[in-house]
Amino acid sequence: MKVIYLAIFTIFTLSCGQQEPNNEHPQFIFAQIISDNTPNVLSDVSLFLSSKNAYKQQYKDNLEYHGYEAPFDNEFDFTFVIVESLKANGLAIDVDWREAPRLVLDSLNRTSNNRLSVCASFEQLKNDFAKTGNNISFYLESKDPQSLLLQCSKSVGLEIIGIDNGSDSYVLTLASVKSLSKILEYSKKSEIKLNTW
């Protein structure tokens, strides 16, 4: 009888092992690319993919802060997980659409480890943004390919990406221009909505 139970247990264990490993899951691959393999982000995503309940236990306070408490404590999704992890690791900013563009520029520059400030037009951009009465949505939603902000980011090899988290604010991150096609590919596979400008 022991042999039968052992055989059943072995078959069950092996069949569970056939599931897609986290590092091959589209959401994990998306997290790798968008975070440039940041260990803490990958750890958060792995935890979520392995066990939503384990993620809930580890981030209970943050989930409750965002309104995910009983009976809505299971309503959060991958978009929430990746956004919160990117923000917590200084890789994304969450800004209101009315935010002054100069403040957004300073925040994006910090997110880029000051790579944005290397672009030739950065000082002009700072000065222009300090004088304007417009808000950041004016610059992002105009989709003007001649936008100084977009020119600046692309000139240092960075793409400004917005992650749509269902709110009216912008979750902005920067990623390598070279990785944009892969980011877009895996965002679709991960069912996460992105905005690029």
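How do the axes of helix α2 and helix α11 cross, and within what distance do they come? In this predicted model, local features need pLDDT of at least 70 and side-chain atom pairs count only at pLDDT 80 or more, while totals for chains, interfaces and linings use all residues. Residues are numbered from 1 along each chain as its sequence is written, and side-chain values use heavy atoms, with hydrogens and water left out.

The axes of α2 (residues 26-35) and α11 (residues 180-189) come within 9 Å and cross at roughly 150°, where axes are lines fitted to C-alpha atoms, for helices over the stretch in contact, and angles run from 0 to 180 degrees between N-to-C directions. This angle makes α2 roughly antiparallel to α11, a term for angles over 145 degrees. The crossing of the two helices is left-handed, that is, the near helix is turned anticlockwise from the far one by less than a right angle. On the α2 side the contact (heavy atoms within 4.5 Å) is made by Pro26, Ile29, Phe30, Ile33 and Ile34, and on the α11 side by Lys182, Ile183, Tyr186, Ser187 and Lys189. These residues divide into seven nonpolar, one polar and two charged, where Ala, Val, Leu, Ile, Met, Phe, Trp, Tyr, Cys and Pro count as nonpolar, Asp, Glu, Lys and Arg as charged, and the others, Gly among them, as polar.

Within α11, Leu180, Ile183, Tyr186 and Ser187 are buried, meaning under 20% relative accessible area with a 1.4 Å probe and protein chains only, whereas exposed means over 50%. Because these four residues cover an arc of only 135° around the axis, they lie on the same side of α11; the arc is that of the directions from the helix axis to the C-beta atoms. The buried residues of α11 pack against α2, β2 (158-163), β3 (170-176) and β4 (194-196), while the face turned away from the buried side carries the exposed residues Ser181 and Lys188. Just after α11, Glu191 takes a positive phi of about 55°.

The protein chain as a whole has eleven helices and four strands, which are DSSP runs (H or I, at least four residues, for helices; E, at least two, for strands) numbered from the N terminus.

Technical notes:
Angles under 35 degrees count as roughly parallel, over 145 as roughly antiparallel, 65 to 115 as roughly perpendicular and the rest as oblique.
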